[in-house]
Amino acid sequence: MNKNGEEEENKEQEPKEKKKDETTTLKWKEWIIDPSEEFYYTWLQIMILPICYNWVIIIFRTCFYAIEEKFVATWLTLDYICDLFYVLDTVIGFRTAFLEQGILVRDLSLLKKRYMRSSRFKWDIASLLPTDLLYLNLGIHTPLVRVNRFLRTGRMNEALDRMETRTSYPNTFRVAKLMLYIFVLIHWNACVYFSLSNYIGFGADPWVYPNISDPDFAATRRQYFYCFWFSTLILTTVGDTPPPEREEEYLFLVADMLIAVLVFASVVGSMGDVISSLRDRDNVFFPNHELVKGYLRSRRISKELQKRVNDWYQHLHINKKITRENEILQHLPTTLQTAIAVSVHLPTLSKVTIFQNCETSLLEQLVLKLTPQVYSPGEYVCKKGDVGHEMYIIKEGKLAVVADDGVTQFAVLGEGNFFGEISILNIKGNKSGNRRTANIRSIGYSDLFSLSKEDLTETLLEYPAAKRLLEEKGHQILTKMGMLEETDEREGEVEKTEDKVKRLEASLEALQTKLARLIAELESTARKMMQRVEQLELQTEGWEGIVAEGAQGEIEEQKKVKEREIGDGKGEGEGEKEDEEETVVEGERGEGDGGEESLGEKEKNAGGNEKSEKEKEETGEEQIKTETKDQKRD
């Protein structure tokens, strides 16, 4: 039974272990590095060490061969540890995500393709080539075969750039980075100087390194320090070096002088940028003192007032007080501005009584409206009787509530206290009428935050519930202080009805004025239409005769057409003209008896036809007249 139980337990444990292995393998396959996370930033800082090691130690071991021979095991161990870091950095490059159209790409296949197509992959692979195999031909004491490890320098530049953006002292970091570059340059120059001295011969002339057979210059430490000192003298253009005697020495000094000019220019330029950036920062953080001084001198302001202004500027610079927070943070998006203002000022604003238990969104909106102010010793913040347009919150310093004489103190307000909150609410029945009820003066230098009435009312438009809550709290405070006038409810109701009646009367007057305007516009349009109709009638008076003549012409043409049709039906021959006024159609059959009668009948018929044609013409003219009248009416 025990054996069976053990077997069952082993069977249960085996699938659990398999599941763990599967989860670990899945996690490793899905492991992607976000370049904005802390791990990536820490890894870049770690990569600075192997890169700097290769830049400093390889040239050092190549030139100072005594160090190479003495500690060869140590150097080889450090070399391959650095190579291990290089390999890990390449693996991380395959799994580093990137942004595409603002979205973080985590597909491993896409990450591999992007990394392998980039120029960084080529440099990374070139820096990992196994050039150490050349030790088999050149010997183990030739560290110069690892010179391809310098190709990973771009990674160090990326790390330094990220450190500069994250540090709180970017100017100091720039100076330190410049000093690091100068140190590496002097180090390389010192190593090349020692190698050149070895090539020419130690102690061959005063310019090269002294003979190493001398016990004072035989130690490796002394050799390096002497070469570093000599290189520093050359690159800083200090001089005080022995003159060169050989061509190699001249060429070395010429190259060093040219490099020194570039180094000196870069150092001066970098320091100038640092100083100018510091000035720009001071101009942003603090107002320009020189302009104010010039203005005071030109206007011949009294020395006492000039001293107060100078003391105020001195207080700002010494204690690093900032009075232009909104201008400094205006380049940030609104969300970041709100987050910074909330973290800095929200605890102070939440201490105000009327803002307690209010919505967090309202407090966040009000925090952006706070403006810092600094008051000098003896300066009045507000005086009794002044109209209150803003409230104050004490951040630092002390304020005294004094009498009219300015000496007698009734109370002292310290950090976290506030005043003037009732004057910005416009509460009805306030006996003071939104005026200051006390004199408040700064004892020393005091830092205050002010919130104006306009900013509060503008913000409360979006929060009606908070507005009612603040007004209720203001009523409670005024009743406790005895500053609220008691009014009957009836009077309030009467005032409300009167207000409604006034509103109705005003709206009625507005409607009447609108109606009068509409009637006047209608009358004017009717007059204009009558005038246009009269003008059209005058223009169409001469059209009746023209239209009648045209109708007569059409009737005559119709008559001729009918006669032609009649002639074709009765006779076979053609008619001839006998007279100019009347036309008589003679047929071939009209030559016999009864010809005159036939002619008489034709004349009668012709006379009847003429009458009917006249009647038709008169009816046609009447129709034309009626049509013209209808057109005029239209």
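Contact here means heavy atoms within 4.5 Å, and that is the sense used for Asn189, which, leaving aside its neighbours within four places in sequence, is in contact with Ser231, Leu235, Phe252 and Asp256. The legends below walk through a predicted model, one close-up at a time.

Figure 1. The secondary structure comes to 21 helices and 10 strands. Of the 634 residues in the chain, 30% are buried. Among contacts with a separation of 6 or more, 70% are accounted for by residues 24 or more positions apart.

**Figure 2. Asn189, a buried residue of helix H9.** Asn189 lies in helix H9. Its relative accessibility is 9%, so Asn189 counts as buried. Look for Ser231, Leu235, Phe252 and Asp256 around Asn189; these are its contacts once neighbours within four places in sequence are left aside.

**Figure 3. Lys177, also in helix H9.** Here is another residue that lies in helix H9, Lys177. Is Lys177 buried or exposed? Lys177 is buried, because its relative accessible area is 18% and the cut-off for buried is under 20%. Not counting residues up to four places away in sequence, Lys177 touches Leu160, Asp161 and Glu164.

**Figure 4. The largest nonpolar core, with 35 residues.** The residues with the most contacts inside this core are Phe64, Tyr193, Trp207, Tyr209 and Cys227. Helices H2 (38-63), H4 (72-94), H9 (170-200), H10 (220-235) and H11 (247-285) each give two or more residues to the core. Which helix gives the most? That is H9, with 9 residues. As background, nonpolar side chains in soluble globular proteins tend to be buried together. A second, separate core has 29 residues, including Leu349, Val352, Leu470 and Leu484.

**Figure 5. A closer look at Trp207 and the residues it touches.** Trp207 is one of the residues with the most contacts inside the largest nonpolar core. Setting aside residues up to four places away in sequence, Trp207 touches Tyr193, Leu196, Phe230, Pro242, Pro243, Pro244, Glu249, Phe252 and Leu253.

**Figure 6. Helices H16 and H17 where they cross.** The axes of H16 (residues 360-367) and H17 (residues 453-460) come within 10 Å and cross at roughly 145 degrees. The crossing of H16 past H17 is right-handed. On the H16 side, the contact is made by Leu362, Gln365 and Leu366, and on the H17 side by Leu456, Thr459 and Leu460. Sorted by class, this contact has 4 nonpolar residues, 2 polar ones and no charged ones.

**Figure 7. Cysteines in a structure with 0 disulfides.** Cys191 is in no disulfide, and the nearest cysteine sulfur, that of Cys63, is 4.9 Å away. Cys191 counts as buried because its relative accessibility is 0%. For Cys52, the relative accessibility is 24%, so this residue counts as partly exposed.

**Figure 8. Arg300, a loop residue with a positive phi.** Arg300 lies in the loop between helix H12 (289-298) and helix H13 (303-318). Although Arg300 is not a glycine, its phi is positive, at about 55 degrees. How exposed is this residue, and what is its relative accessible area? Arg300 counts as exposed because that area is 77%.

Definitions and conventions: Residues are numbered from 1 along each chain as its sequence is written. This is a predicted model: local features need pLDDT of at least 70, side-chain atom pairs count only at pLDDT 80 or more; totals for chains, interfaces and linings use all residues. Side-chain values use heavy atoms; hydrogens and water are left out. A disulfide is a pair of cysteine sulfur atoms within 2.5 Å. Buried means under 20% relative accessible area, exposed over 50%, partly exposed in between (1.4 Å probe, protein chains only). Axes are lines fitted to C-alpha atoms, for helices over the stretch in contact, and angles run from 0 to 180 degrees between N-to-C directions. Helices (H or I, at least four residues) and strands (E, at least two) are DSSP runs, numbered from the N terminus. A crossing is left-handed if the near helix is turned anticlockwise from the far one by less than a right angle, and right-handed if clockwise. Ala, Val, Leu, Ile, Met, Phe, Trp, Tyr, Cys and Pro count as nonpolar, Asp, Glu, Lys and Arg as charged, and the others, Gly among them, as polar. A nonpolar core is a set of buried Ala, Val, Leu, Ile, Met, Phe, Trp, Tyr and Cys residues joined through side-chain atoms within 4.5 Å.
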